[in-house]
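This report covers a ligand site, a pair of aromatic rings and a sheet. The structure comes first.

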Amino acid sequence: MGKLKENLAKKIPDWRYSYRQLIDEKGDHVTSNVTIEKAFSGMRGVKGMICDTSSVTADAGLHVRGHHILDLVHIKPEEVLYLMLVGELPNNEELEDLQKCLHSRSEVPQYVWDVLNSMPKDSHPMTMFNTAILSMQKESKFAEAYDLVISKNDYWESTLTDGLNIIAKLPAIAAAIYRLRFDKGERLEHAGSQDWSESFLQMMGFEESEDMLKMMQLYLMLHCDHEGGNVSTFSALTVNSALSDPYYSLSAGLNGLAGPLHGLANQNNLKFVLDIVDHFKGVPSDEELKAFAWDRLNSGKVIPGYGHAVLRCPDPRFTAFMGFGKDHISDSEVFDVVTKLFDIIPDVLKEHGKAKNPWPNVDAASGSLLHYYGLKEFEFYTVLFSMSRSLGIVSQVVLARAMGLPLTRPKSLTFDALNQL
Ligand code: CMX
């Protein structure tokens, strides 16, 4: 774990001190008022938890450790992992050290392949991915250390070990699922690259392409984190707060990512776009597209890739993908439809009058880039989102253990109790 662990260990004592000091000095400060309406609205806007890896503002979107996401589009997923954990970007030596560390832990136990091979051939790739992670739980160093009654102050170390052990194996696991699930032939072994995204593409069986590698690095970086209250991260943190180890916590969180209102929207968005291309035999006119969107809304379905629980602007991660697409993609009906949807859908949703945020989110553009580079099996897309989101979830559970955050346990009230307030 080398430099990452060394540098994180140096930071933790100061962070612990600052947390303690904040609670001592401002512990009774009110962050939000919780109304009955909030209790019925998924706790929207209730500021009742802490996350230091990233923050999301309604008008500018994601900031990772204070850096706006559009200022980070050049960095690799490994770098964003380091940034989330340590609070600073790694230098070249620290990056190489982390890549080496991940590479050295990347071998996947044979029983994981046996589990995947025994699953029904039409299992969703997300089910396979989360099952593979959970099946490795017996490897947990945290669970082992907990049984040996280590100090609470040291929980973060074995949590970090588990987290990096899992992250290191995700490219091989995801690539194997891709090949198995979509009949791409035998599983491919590591070809030796220490770059997390490159070794993933190699094991998937894609020809070497600098542009595709750049796109994959961007993809796996952009989805890394979105503060602490989103369904996947919040679920993972809740499970981890019971001191369930990172294998349990991560697979629990990623099960939430598999929902159509969350990460699954990326597969649904591309399906929507392909349906449009198919229906109109190409790129429709504005009027045709508008009518198509209204038909979908009138049938009670959401427009996947649009709307957000926190954002009230076009998601900067969408902007990053569109920027990449404009620089690298020509002659793609799919990308043209995605571009046109951005012109049409916000006004349609405004007129529809329900969505609080009519703008595109991260899932509105990502699929069109994957499709362009030949990764057309859209049922696989949420696995890619999961690989990236694992970086943020692991970072957050490591920090939660380092700060000794307690069991998550909000209070619920019965309808009668609320009614009597
Ligand atoms: N299309 C149609 N209706 C939408 C909509 C959309 N894209 N976005 C919101 N609405 C509707 C909601 O379904 C809700 O309707 P009801 O009152 O009938 O239940 C109403 O507008 C109010 O919702 P909201 O407060 O604006 O949005 P929420 O915070 O409840 O939900 C989200 C946010 C993302 C789930 C929602 O916008 C949505 O369903 N979008 C489409 C799915 C999607 O793209 N999800 C991915 C989000 C990013 C991610 O996590 O990956």
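In what follows, Ala, Val, Leu, Ile, Met, Phe, Trp, Tyr, Cys and Pro count as nonpolar; Asp, Glu, Lys and Arg count as charged; the others, Gly among them, count as polar. The model is predicted.

**Ligand site**

By that scheme, the shell around the ligand holds twelve nonpolar, six polar and four charged residues. There are 22 residues around the ligand, and His262, Gly305, Tyr306, Lys356 and Asp363 come nearest. Two domains contribute to the shell: domain 1 (77–261 + 381–402) and domain 2 (265–372) each supply at least three residues.

| Residue | Protein atom | Ligand atom | Distance |
|---|---|---|---|
| Gly305 | backbone N or O | oxygen | 2.7 Å |
| Tyr306 | backbone N or O | nitrogen | 2.7 Å |
| Lys356 | backbone N or O | oxygen | 2.7 Å |

The ligand taken alone exposes 880 Å². The protein buries 77% of that area.

**Aromatic pairs**

How many aromatic pairs does the structure hold? The count is 13. One of the pairs is formed by Phe142 and Tyr155: the ring centres lie 5.4 Å apart and the planes meet at 80°, so the pair is edge-to-face. The cut-off for that class is an angle over 60 degrees. This pair links distant parts of the chain. Phe142 sits in helix 7 (residues 141–147) and Tyr155 in helix 8 (residues 155–181), with the two 13 residues apart.

Three strands make up an open sheet, in the order 1-2-3, with antiparallel pairing. Strand 1 (54–57) and strand 3 (67–68) are the edge strands, and each pairs on one side only.

Strand 1 and strand 2 are antiparallel and share four bridges. Thr57 has Gly61 in strand 2 as its bridge partner. A hairpin of three residues connects strand 1 to strand 2.

Strand 2 (residues 61–64) and strand 3 also run antiparallel, joined by two bridges. Here Val64 has His67 in strand 3 as its bridge partner. These strands form a hairpin as well, with two residues between them. Which residue in this turn has a positive phi? Arg65 does, at about 45°.

Key:
Residues are numbered from 1 along each chain as its sequence is written. This is a predicted model: local features need pLDDT of at least 70, side-chain atom pairs count only at pLDDT 80 or more; totals for chains, interfaces and linings use all residues. Side-chain values use heavy atoms; hydrogens and water are left out. Two strands pair if DSSP finds at least two bridges between them. A residue is near a molecule or strand if one of its heavy atoms lies within 4 Å of it. A polar contact is a pair of N or O atoms within 3.5 Å; within protein, one must be able to donate a hydrogen and the other to accept it, and residues adjacent in sequence count only if both atoms are side-chain atoms. Accessible areas come from the Shrake-Rupley method with a 1.4 Å probe; for residues, only the protein chains shown count as cover. Domain bounds come from an automatic or database domain assignment. Rings of Phe, Tyr and Trp (its six-membered ring) pair if their centres lie within 6.5 Å; planes under 30 degrees apart count as stacked, over 60 as edge-to-face and the rest as tilted.
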